[in-house]
Amino acid sequence: MFTGIVEELGQITAVETLDDACRFRLRGPVVTQGAKHGDSIAVNGVCLTVVDHEGDEFTADVMAETLNRSSLGALAVGSRVNLERPMAVGERLGGHIVQGHVDGTGEVLERKPSENWEIVKISLPADLTRYVVEKGSITVDGISLTVVDAGPDYFTVSLIPTTLALTTLGHKGPGDPVNLEVDVIAKYVERMLGDRGSSEGATAK
């Protein structure tokens with residue numbers, strides 16, 4: 001479980017293509033502190049398992065399913081990535097509940113800079129629009145953000161200078177892909193209401 005508060009901006013240092021997967025080597029001095037085999041680290045919002053680590057680098061395997069359903073397949077040596085370790089029990093929940101299970105990908109559509117923040121417009125897959133609401137939470141490339149405007153096929157977020165400086169969103173422009181994870185609570189509510197409706201319908205018959 002993560003919070004969407006990115007700990008550091010890491011970098012891909014090596015990519016090994018396997019038959020039906022890919023192995024990344026990533027540099028992250030902060031997230032590798034105390035890391036061991038089997039630990040979880042979120043990479044651009046995708047929960048990956050540490051295979052090995054040495055110094056300030058670690059390796060992680062990414063299966064074909066993850067490559068197909070996220071933007072990790074577009075990463076190459078030198079790519080910057082958002083890194084976050086799992087939340088420890090008893091720590092403050094600075095963002096919102098993030099599972100590291102990407103629901104889909106969007107695309108940066110436009111950026112509108114202002115003096116103290118920047119508005120970024122991102123495309124939204126049709127099957128995710130019902131989970132995104134104004135002032136609700138969404139995870140973009142592993143970053144916990146608040147939705148400013150929720151359109152029929154897009155949403156906007158407002159980024160402060162710290163987010164622009166310390167995450168990948170400070171470097172992405174129109175056309176660049178981003179990983180999206182909607183609020184898991186919304187999905188559970190939808191499921192429970194759907195089950196209740198089915199149960200009531202069956203009782204009425």
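The model is a predicted one, so to speak of local features takes pLDDT of at least 70 and side-chain atom pairs count only at pLDDT 80 or more, while totals for chains, interfaces and linings use all residues. Residues are numbered from 1 along each chain as its sequence is written, and side-chain values use heavy atoms, with hydrogens and water left out.

One of the salt bridges joins Asp 61 and Arg 23, with N to O at 2.5 Å. Asp 61 sits in strand β5 (residues 57–63) and Arg 23 in strand β2 (residues 21–27), so this pair ties together parts that are 38 residues apart in sequence. Helices (H or I, at least four residues) and strands (E, at least two) are taken here as DSSP runs, numbered from the N terminus. Both partners are partly exposed: Asp 61 has a relative accessible area of 32%, and Arg 23 has 29%. On this scale, buried means under 20% relative accessible area, exposed means over 50%, and partly exposed is in between (1.4 Å probe, protein chains only).

Another salt bridge links Glu 65 and Arg 69, at 3.5 Å from N to O. These two are four residues apart in helix α1 (residues 64–69), which puts about one helical turn between them. Glu 65 is partly exposed at 43% relative accessibility, and Arg 69 is partly exposed at 47%. Glu 118 and Arg 111 also pair up, their closest N and O atoms being 2.4 Å apart. Here Glu 118 is buried, with a relative accessible area of 12%, whereas Arg 111 is partly exposed at 22%. Arg 25, Arg 27 and Glu 57, for their part, are linked in a network of salt bridges.

Helix α1 also holds Thr 66, a buried residue with a relative accessible area of 18%. Leaving aside residues up to four places away in sequence, Thr 66 touches Val 46 and Leu 72, a contact being heavy atoms within 4.5 Å. Between Thr 66 and Arg 27, 39 residues apart along the chain, the C-alpha atoms are separated by 20 Å.

Next, the fold. The chain has three helices and twelve strands. Six strands close into a barrel, running in the order β1-β2-β5-β4-β3-β6 with antiparallel pairing. From one strand to the next, the twist averages 45°, with axes fitted as lines to C-alpha atoms (for helices over the stretch in contact) and angles running from 0 to 180 degrees between N-to-C directions. Strands β1 (residues 8–17) and β6 (residues 80–84) pair in the antiparallel sense over four bridges; pairing requires that DSSP finds at least two bridges between two strands. Gln 11 stands opposite Arg 80 in β6.

Along the principal axes, the C-alpha atoms fill a box of roughly 65 × 45 × 40 Å. Buried residues make up 40% of the 205. Among contacts between residues at least 6 apart in sequence, 69% join residues at least 24 apart. The chain exposes about 10800 Å², 51% of it supplied by carbon and sulfur atoms, by the Shrake-Rupley method with a 1.4 Å probe.

Terms used
Salt bridge = Lys/Arg side-chain N within 4 Å of Asp/Glu carboxyl O.
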